[in-house]
Amino acid sequence: MDHRYDFVFLFDVTDGNPNGDPDAGNLPRVDPETGHGLVTDVCLKRKIRNFVANVKDETPPFEIYVKERAVLNNQHSRAYEALKLDASKAKRTEVDQCRDWMCQNFYDVRAFGAVMSTKVNCGQVRGPVQMAFSRSIDPIVSLEHSITRCAVATEKEAEKQDGDNRTMGRKFTVPYGLYRCHGFINPFFARQTGFGEDDLQLFWKSLQNMFELDRSASRGQMTPQALVVFQHDDTLGNAPAHQLQKRVSVVLRDATTPARSSDDYDVQIDEANLPAGISIHRMF
C-alpha cells in the first residue's frame with residue numbers, strides 16, 4: 001500500500017440502542033458532560049469482523065481471530081503447528097514467524113492488529129486501520145420502555161402467578177442519533193502486516209454493508225450515511241488528519257426541531273484549496 005488514508009464515517013440509529021454500556025444497565029453510551037452519544041471503536045470493529053466472516057466464509061486469508069467463544073491460545077497454537085515449531089522453546093525468530101503466519105491468515109490481525117503475547121506467544125501486531133470513538137452530532141435522548149413477556153422461565157415462577165406467566169423488562173432506545181467516526185489507515189503498518197489493496201477495498205465494503213448483516217431489535221435501524229476518504233499521495237501524508245477531517249461539516253438544518261432523520265442534516269465537504277497531494281473520495 002502506497003497511500004495514507006484518513007476518513008470520516010457517518011452512520012445513524014433510529015429507535016434503537018447502538019452500543020449499550022454493560023456497566024450502566026445497558027443504557028446507550030453517553031458523554032455525561034455534553035449528552036452526546038458514544039459508540040466504541042470495538043463495537044464497529046466487531047461488526048466489520050462479522051461481515052468479513054460472512055462474506056469470506058471464514059477461510060484463509062480471511063479468518064477472524066477475535067470471534068465469539070474463541071480461545072486465543074488455540075489460535076496461536078495453529079501457527080506453531082503449521083510451521084512445525086515448538087511453542088515451549090520459541091525464541092524471537094520463531095515468534096516472529098508465527099506472528100507473520102497470523103497476519104497472513106487472519107484478516108482482523110492484518111487490519112486492526114492484536115496482542116498475541118499470551119501463554120502461546122505469537123508476538124504483538126500494530127494494525128494499520130484504527131478508529132476513534134464515534135460521537136453523535138447532537139446530544140441524544142435515552143428512552144426507557146417497559147416491556148412484557150407472556151412466558152416465564154421456571155415452573156416456580158408460573159405457580160407464583162397462578163398461570164398468568166408474565167414477566168416485565170426494560171428496553172432502552174435512542175429516538176434518533178447521527179454519529180460521526182474518524183478513522184486512519186497507516187501504510188507503514190500495512191506493509192508490516194501485509195494489509196493490501198484487496199483488504200482495503202473489503203474494509204470500505206464492510207463499512208457500507210456491515211449493518212445489513214447485524215440487524216437486531218435492540219439496535220433498531222442502523223444505517224451508514226456517508227463515507228468520506230482523504231487519500232494522501234505521500235506515504236508519510238500530505239496534511240494532518242484533523243485538518244482534513246474538519247473539512248467535513250454536518251449541520252442540523254432546523255435547530256428548533258429535534259432531528260429524526262438523516263434528511264434533517266446537511267453534510268458538506270470543503271474541497272477548496274486542498275493541500276497538494278490530497279484527493280477526496282466520497283464512497284457513498
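Helices (H or I, at least four residues) and strands (E, at least two) are taken here as DSSP runs, numbered from the N terminus. The model is predicted, so local features need pLDDT of at least 70 and side-chain atom pairs count only at pLDDT 80 or more, while totals for chains, interfaces and linings use all residues. Residues are numbered from 1 along each chain as its sequence is written, and side-chain values use heavy atoms, with hydrogens and water left out.

The loop between helix 1 and helix 2 contains Glu 58. The phi angle of Glu 58 is near 55°, a positive value in a residue other than glycine. Glu 58 has a relative accessible area of 25% and is therefore partly exposed (buried means under 20%, exposed over 50%, and partly exposed in between, with a 1.4 Å probe and protein chains only). Pro 61 also lies in the loop between helix 1 and helix 2 (72-82). A cis peptide bond, with omega of about 5°, joins Pro 60 to Pro 61. A positive phi, near 50°, is also found at Asp 15, again a residue other than glycine. Asp 15 belongs to strand 1 (residues 5-16).

Two packed helices are described by the angle between their axes and the distance between the axes. Axes are lines fitted to C-alpha atoms, for helices over the stretch in contact, and angles run from 0 to 180 degrees between N-to-C directions. Angles under 35 degrees count as roughly parallel, over 145 as roughly antiparallel, 65 to 115 as roughly perpendicular and the rest as oblique.

Helix 1 (residues 41-56) packs against helix 7 (residues 197-209) at about 110°, and their axes are 9 Å apart. The pair is therefore roughly perpendicular. In this contact (heavy atoms within 4.5 Å), helix 1 contributes Ile 48, Phe 51, Val 52, Val 55 and Lys 56, and helix 7 contributes Leu 202, Phe 203, Lys 205, Ser 206, Leu 207 and Asn 209. Seven of the residues are nonpolar, two polar and two charged. In this division Ala, Val, Leu, Ile, Met, Phe, Trp, Tyr, Cys and Pro count as nonpolar, Asp, Glu, Lys and Arg as charged, and the others, Gly among them, as polar.

Helix 2 and helix 3 (residues 92-105) have axes that come within 9 Å and cross at roughly 110°. These helices are therefore roughly perpendicular to each other. On the helix 2 side, Gln 75, His 76, Arg 78, Ala 79, Tyr 80 and Ala 82 meet Val 95, Cys 98, Trp 101 and Met 102 of helix 3. The contact comprises seven nonpolar, two polar and one charged residues.
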